[in-house]
2 protein chains.
Amino acid sequence: MGGDRGPEVVVPAVERAYERHPSVRFVLAGNESRLAALVAKRPRIKDVVSIRHAETNVAMDEKPSQALRQALRRRRGSSMWLALEEVRDGRAHACVSAGNTGALMAMAKVSLKMIEGIERPAIAAVWPNRRGEAVFLDMGANVEANARQLVEYALMGHEYARIYLNVENPRVALLNIGTEALKGKDSIREAAVYLSNPELNIEYIGFVEGTDIFTGIADVIVTDGFTGNIALKTAEGTASAFVYALKIVLKRTWLSRLGALLAMGALRALKERLDPRSANGGVFLGLNGIVVKSHGGADVLGFAAAIDVAVDMAASDLIGRIKVDSKRVHEIIGNQAKSAEDDTDSGFEAQAKLS
Amino acid sequence: MGGDRGPEVVVPAVERAYERHPSVRFVLAGNESRLAALVAKRPRIKDVVSIRHAETNVAMDEKPSQALRQALRRRRGSSMWLALEEVRDGRAHACVSAGNTGALMAMAKVSLKMIEGIERPAIAAVWPNRRGEAVFLDMGANVEANARQLVEYALMGHEYARIYLNVENPRVALLNIGTEALKGKDSIREAAVYLSNPELNIEYIGFVEGTDIFTGIADVIVTDGFTGNIALKTAEGTASAFVYALKIVLKRTWLSRLGALLAMGALRALKERLDPRSANGGVFLGLNGIVVKSHGGADVLGFAAAIDVAVDMAASDLIGRIKVDSKRVHEIIGNQAKSAEDDTDSGFEAQAKLS
């Protein structure tokens with residue numbers, strides 16, 4: 001029921017996703033009569049869709065804490081809560097929503113719980129860049145992140161990139177304000193020490209700066225949720241300002257006006273391509289279940305792409321992989337932190353305790 | 001001697017600045033023979049320029065800590081150190097450099113010292129936006145900032161904007177990940193409580209997000225140096241990626257190629273306009289003296305613009321104004337923090353102690 005256009009986008013998107021994944025079955029959580037009417041118009045998906053009726057739905061501008069309280073208080077929850085329940089109770093492999101991001105995260109944490117060993121969830125988005133795409137996390141699930149949490153984000157982003165970008169050894173980087181080892185915050189420098197451990201089997205390439213986000217130098221860029229949100233929004237703002245200024249300068253002379261007219265199609269394609277918002281929504285990582293957040297303004301193609309992502313993640317057993325990694329990573333960095341504590345002569349390494 | 005092109009840019013820029021400010025006198029710190037040769041070619045500035053010979057100069061890629069150590073060890077310092085000494089000893093009103101930013105900041109802190117009551121310096125830059133320009137700080141003088149430091153940045157940015165943007169009551173905002181009062185980090189929320197105090201006489205407009213940086217909603221945008229650097233570099237990266245993608249899409253069809261050809265001048269003007277780097281360098285605020293950092297890649301016009309900024313700041317007594325403000329602001333927020341401590345029932349306000 002969520003997103004700017006609700007089931008009018010979701011149901012046609014289900015049809016599209018079904019064409020690509022004929023073995024997938026769909027549960028639609030929301031207003032039964034509204035959903036049934038939309039499904040009835042699409043006979044092809046009639047037999048692969050079931051509907052779970054929800055009395056209410058979370059408003060796009062509702063406070064996450066309030067939405068969560070209401071969900072826990074009522075016997076019959078909102079469409080969002082019921083969709084998550086399908087995953088929690090093993091009746092669905094993944095939940096896709098275009099609704100209120102904060103509410104979805106708050107409910108998902110309570111309903112699905114965290115994967116053992118992962119302290120905090122992260123929201124991962126896929127950003128376009130010069131060479132292709134990169135996974136960027138955390139986009140705002142948590143304001144701050146300590147070294148251990150950054151390492152967890154890195155391993156989750158690594159697994160997600162392996163599935164989404166289809167690369168065996170994604171290059172993982174930490175976002176920082178310089179590329180030298182001594183730059184930035186303590187938490188980032190500590191995380192770098194852990195990620196440099198070859199036993200981890202993560203291709204850690206070091207620090208990258210804001211300018212590197214779009215160069216394609218890394219497949220996974222890791223940062224805390226505050227910084228991730230600022231970077232995303234600044235990129236959005238820059239892209240909008242660019243388009244705005246482009247329109248102005250192109251109107252300035254008759255020559256540039258004619259030029260703009262001729263190049264219009266190309267210019268339109270451009271904004272679409274570079275706006276990180278068009279890299280449809282994000283996935284929630286670290287939870288005991290797959291949750292994909294489609295962009296609220298997504299159209300049918302966009303929402304269908306979010307379903308594709310969910311199908312891929314489920315088919316590749318992302319959760320299982322993260323569970324295995326989490327166990328392995330914590331053993332390795334636990335030992336590393338311990339040996340650093342034992343060996344106080346090792347300089348900077350000695351500071352690398354888990355915070 | 002600093003910057004990508006050294007005195008070959010600085011000396012002609014001095015001539016330009018002199019044309020605009022005939023009462024200004026210039027001290028050039030650096031290699032005497034090289035500077036004298038350049039000045040000799042410009043008879044108009046011969047009588048307004050004096051040269052202070054420096055044996056060495058700081059390399060653009062030198063580590064700030066190393067540059068500082070060397071400056072303190074030698075009897076005759078680098079050109080950068082000598083330029084700062086002119087300000088410290090009252091022989092100059094301001095120092096302008098295109099050199100190594102980190103080294104300039106490290107030396108300026110030691111040489112000029114902080115204004116009483118200001119804990120940390122900040123680097124302020126001027127960013128273009130849809131409506132004009134805005135002051136953005138801290139661009140990276142300090143990685144982190146607590147509530148008190150953010151308030152100090154706000155008051156310094158406020159005074160700088162009054163001079164640079166020539167507005168009586170600049171609208172001051174805190175950069176955050178949402179506009180609601182409860183969003184973001186503790187330090188930012190605490191700073192918001194202080195800045196909302198009407199006694200401060202600062203037109204505080206609340207939180208802004210990354211998307212707002214380019215809309216012109218605020219005249220002064222305040223953040224910590226880590227976030228400021230990430231935002232700046234992300235905007236740079238987005239602008240570069242935009243230009244890169246623009247070139248590609250415009251080459252795709254013969255129609256768009258022709259269009260691009262006709263609109264070329266306009267497109268070239270565009271990048272210049274939106275790239276925050278072209279908003280030439282930054283000013284160091286909070287020090288007991290005026291230091292303007294021109295962009296390392298600045299051309300003659302850019303370096304002359306940096307001199308203009310320095311002249312304006314000196315003529316408007318920026319340092320004196322910040323001193324007065326600092327005293328007043330700390331009295332007000334000191335009382336506010338005290339009364340918040342006394343009144344533990346006042347909820348969130350009670351948390352607003354100086355951190």
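How many residues of chain A are in contact with chain B, and how many residues of chain B take part? In this predicted model, 47 residues of chain A are in contact with 48 residues of chain B. I shall begin with that interface and then turn to the fold of chain A.

The area buried between chain A and chain B is about 4700 Å². Carbon and sulfur atoms give 78% of that area. As for polar pairs, the count between the two chains is six residue pairs in polar contact. Which elements of chain A give two or more residues to the side that touches chain B? They are the helices α8, residues 225-250, α9, residues 254-262, and α10, residues 264-274. The largest share comes from α8(A), with 22 residues. By residue class, this side of chain A divides into 28 nonpolar, 12 polar and seven charged residues.

Salt bridges also cross between the chains. Side chains of opposite charge can pair when their charged atoms come close. Across this interface, two salt bridges are found. In a salt bridge between K233(B) and E209(A), the closest N and O atoms are 2.3 Å apart.

Let us now consider the sheet of chain A. Strands of a sheet pair through backbone hydrogen bonds, either parallel or antiparallel. In chain A, eight strands form an open sheet with mixed pairing. Their order is β3-β10-β9-β4-β5-β8-β6-β7. Which strands lie at the edges? The edge strands are β3, residues 94-97, and β7, residues 203-208, each of which pairs on one side only. On average, and with direction ignored, neighbouring strands of the sheet are turned by 25° against each other.

Strand β4(A), residues 122-128, and strand β5(A), residues 133-137, pair in the antiparallel sense over five bridges. Within this part of the chain, P128(A) has E133(A), in β5(A), as its bridge partner.

A helix is also placed against the sheet. Helix α11 of chain A, residues 300-315, lies across β3, β9 and β10 of chain A. Relative to β10(A), residues 290-293, this helix runs at about 160°.

Finally, which residue does D308(A) meet in a salt bridge? The partner is R20(A), with an N to O distance of 2.9 Å. This pair links distant parts of the chain: D308(A) belongs to helix α11 and R20(A) to helix α1, residues 7-20, and the two are 288 residues apart. Over all chains, the count comes to 40 salt bridges.

Conventions:
Residues are numbered from 1 along each chain as its sequence is written. Chains are lettered from A and ligands numbered from 1 in the order in which they are written. This is a predicted model: local features need pLDDT of at least 70, side-chain atom pairs count only at pLDDT 80 or more; totals for chains, interfaces and linings use all residues. Side-chain values use heavy atoms; hydrogens and water are left out. Contact means heavy atoms within 4.5 Å. Buried area is the accessible area (1.4 Å probe) that two parts lose on being put together, summed over both. A salt bridge is a side-chain nitrogen of Lys or Arg within 4 Å of a carboxyl oxygen of Asp or Glu. A polar contact is a pair of N or O atoms within 3.5 Å; within protein, one must be able to donate a hydrogen and the other to accept it, and residues adjacent in sequence count only if both atoms are side-chain atoms. Helices (H or I, at least four residues) and strands (E, at least two) are DSSP runs, numbered from the N terminus. Ala, Val, Leu, Ile, Met, Phe, Trp, Tyr, Cys and Pro count as nonpolar, Asp, Glu, Lys and Arg as charged, and the others, Gly among them, as polar. Two strands pair if DSSP finds at least two bridges between them. Axes are lines fitted to C-alpha atoms, for helices over the stretch in contact, and angles run from 0 to 180 degrees between N-to-C directions.
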